[in-house]
Each structure stands twice: as structure tokens, then as C-alpha cells.
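Hi,

Here is the structure I promised to pass on. Have a look at it first, and my notes follow below.

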Amino acid sequence: MSYRIPLIEGLLAVVTFIAAMSMSAILITTMNFQMDIGDPLYNGTERVRLLEQIIDQCATTSYALALDISWAFFIVLIPLFFAFTFARWFEDTTLRTVLSYPVSRTALLAVKIVMSVAVISLPALLVPLFLIIALLPAGACVNLLGLFSISVVISIALISSTSMLISVILRSASATAVAGILLWAILSYLVSLPDLPTRLLMLCSPTKIVANYALGLYSEMAYSEVILMLLGSCGLLVLLVLVGVMVFRRVEV
Amino acid sequence: MRSRFMKRLQWLFALVGIAGIVASLILPFSGGGMGASIGPDDPVRGKMYFLAGDVNVHIAVRQGGPISFYVFDWNDSMEMVRTNSLANVSPIWSRENITDYEGVIATPALGLYSFIVRSLTNESGSFHVDISRRLPQSHIFMPSVCVTAFGVVLGVLARVQTRRKPEP
């Protein structure tokens, strides 16, 4: 297959740009400080600790913002990526050639999803983290990093598996691109509503939920609820992959 | 295969570099400026900013006597807060005894910097400092230009390599 559209490279550039912008937008007026020269009760160590806590909060907020804004681009770029690298295989008969070798359909689908998740998740997770390490003072740490990492991987896997499923059903690059982008645009709009029509929608967008949780937008939500929600998203992902494999095994190439 | 790998690298460097250039050109400046009352009870006021290049400043005393203005990097800022004193720290930029000043502060590297105003008199007063970024922010712009240029050079090399290949 010819290499025409640099989607992966474009995705990395978008993530870099978003990470840089969310870093700059965060470090703002919260870093006000006032010294009390001559005050005998002044506790310098305590004040330094407080400033370091603010820096940690800045790091967490900028990481959450970078991932949250990246999500808006992923819902466009990942369906496009699958449309051009998988659905097109149906159109130009590449898939028929690939399947003429002793390769199982399940293995092909699994490799496609796993590799795309790895290739897209790594820059999404590492670029903002690298910028935080490079730009913020040494010792700044992102809170809930594990939760962020898991949620990004699940989110990208969810978009990838739905795009794969749409590719298998529609077998057309342009139709896959349009349907995938539309589906995720509608889902993200619903998730971003202040009053969710149903809590089940949270399962579609773990990154957004964890980012909002880290930003303190879900004050009523407990940590255990976030973990449960991530487990629910994992269940949805497994279901989508299973349906995708079943359809792909029956589809005529 | 090799040419495709070069093509990927070319796009990777070029696009990431362009993303950096665009970011350096439109980097917003949140909370730009500081203004406060200053007096014998609280003679030192400060604010911390993230800087990725030089900044324009306009310092004006609105009421009261002259002030001193200092810019410290992160380590000196923390030392200053820890010791509650300006004695053991050295600013990267300073202007003493001013009532009105307009100029440019050059920053040596990307990072957090504290902008400190100190009253030089025992009377109460107020001041205002306007701060704005000088775009493009050089500490992001220059590395991004280098990365983009590297991508372009890779592209040229890939093209030259393809042309030199004999026709099958």
C-alpha cells in the first residue's frame, strides 16, 4: 500500500502542539506569593512545600487538559487512520491478497488494533509528560498518572475498535471515515453535556472522565467510582472487539 | 522500504517542528501583569510566571516612592521563600530605585520565573507592572525551526536517494 497521508506523524504533531498550549495556559496567577519579611512566625519550608504542591497541581491540570483536548482530535484522526489503512484494503483488494497467506482473520484484526493503540497511545501519553518534565521544575509530578495512562489506552482502543467494526461492516474508506467521525462526534458532544442523559455514556470516554475528575469537576464522584467506570469501559471494549472479530470472520472479502 | 522510512522521519520532524513554531507564535500569556499596594507591613510582592522567551515589561509606580524590581529563576525563588530574605539570591534581571521603566527582560532558558517588587521607602504606595510576551518565544521557536529544518533536509536526502536509484 502506498504511503500518502502522514496520519501518525500528523497525530504526533497535533499532540505536541496541544501539550505545549495547555502547558502555557495553566501556569497563571495562582502562583502569587507574598513574603512577610521580619515576621518571627514565618515558616519558609512550609511555604516552599505549598508552592511545590501548586506546581504538582499545575502539572496534573496541564496533563489532564492536554489529554482532554487531544481527545477532540483523536475522534477525527483515528477513524481516518482506520479508513485509510484498513477499510481501503477492502476496496483495493489488498485484504484478499493478505488473507491468501496463512494468516487468521482474528490474528490480523488483533494485531491491527493492538499496534494502532500502541502507536497512538505512546505519543499521547509521553509527549505531554515529556513537556511537563522539561518545562516544570525538577520534582514536579503528575497526580493520577496511572489512571490517566489506563484511561487513554482504553479510549484509543475504544475508538480503534469501533472504527474497525465500521470498516468491516461498510467496507468503504470514505464511508468508514464519515460514519466513525460522526459517531464519535455525537458521543463526545453527549459526554460533554453538563447533565449526562445517562451515566452509561461515561463508558465511551474514559479519558474525558478521568481528566474531569483530576480537574475537580466531579466533586461528588469517589475514586472507586472512577475505577468502576474504567472497568465498565474495559468491558465495553472487549464486547466491541468480540463483535468486530465475529463480523470480520463472516464477511466476504 | 528505506525511502519510506526516511519519508516518515521527514514528516515526523517537519510536522512536530511546525507545531512548535505555531505554538511559539501564539503562546498566550495568562495573568499578564501585576498590580498591588505596597507598604511598610508588606514591602515585598511577587508573582510567578512561566516564560519561554523574552518579555516586555512596563513598571509604573502609581503612588508612593521608588521601588526595586527583580526577576529570579525557580531555584533562587524557592531559596528566597525558604529564607524569607533577598540576601542570599542573585536575580537574573533587576532594576533598583525606579518609578517608571519600560524595557525587555531576557530569560536564559525555559521555565518558571518570579517577578518581585520591593518597596524602598517606609510609606505606603501602589504600583502596576504590565508584562507581555515577545513573540515568537525564542526558547520554543529556535529548537522548532531546527527540528523543521532537519525534517526538510531528510526530505531532500530521500529525494536525492530516490533519483540516484537506477531504473529497474
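Chain B is split by the domain assignment into domain 1 (2-25 + 140-164) and domain 2 (28-134); such bounds come from an automatic or database domain assignment. Taken over C-alpha atoms, the centres of domain 1 of chain B and domain 2 of chain B are 40 Å apart.

Before going further, some housekeeping: this is a predicted model, in which local features need pLDDT of at least 70, side-chain atom pairs count only at pLDDT 80 or more, and totals for chains, interfaces and linings use all residues. Residues are numbered from 1 along each chain as its sequence is written, while chains are lettered from A and ligands numbered from 1 in the order in which they are written.

Chain A has eight helices and one strand, where helices (H or I, at least four residues) and strands (E, at least two) are DSSP runs numbered from the N terminus. Their order along the sequence is α-β-α-α-α-α-α-α-α. Of the 253 residues in chain A, 43% are buried (20 or more other C-beta atoms within 10 Å of a residue's own; exposed is 12 or fewer, partly exposed in between, with C-beta atoms placed from the backbone).

The two chains meet through a helix pair. Helix α2 (residues 44-91) of chain A packs on helix α2 (residues 74-83) of chain B at about 140 degrees, with the axes 7 Å apart. Axes here are lines fitted to C-alpha atoms, for helices over the stretch in contact, and angles run from 0 to 180 degrees between N-to-C directions. α2(A) and α2(B) are therefore oblique to each other (under 35 degrees is roughly parallel, over 145 roughly antiparallel, 65 to 115 roughly perpendicular, and the rest oblique). On the α2(A) side, the residues in contact (C-beta atoms, placed from the backbone, within 7 Å) include Val48(A) and Leu51(A), and among their partners in α2(B) are Met78(B) and Val81(B).

Beyond its neighbours within four places in sequence, Leu67(A) contacts residues including Phe148(A) and Val152(A).

Finally, Ser151(A) is found in helix α5 (residues 145-170) of chain A. Ser151(A) is buried, with 25 other C-beta atoms within 10 Å.

Best wishes

Methods. Contact = placed C-beta atoms within 7 Å.
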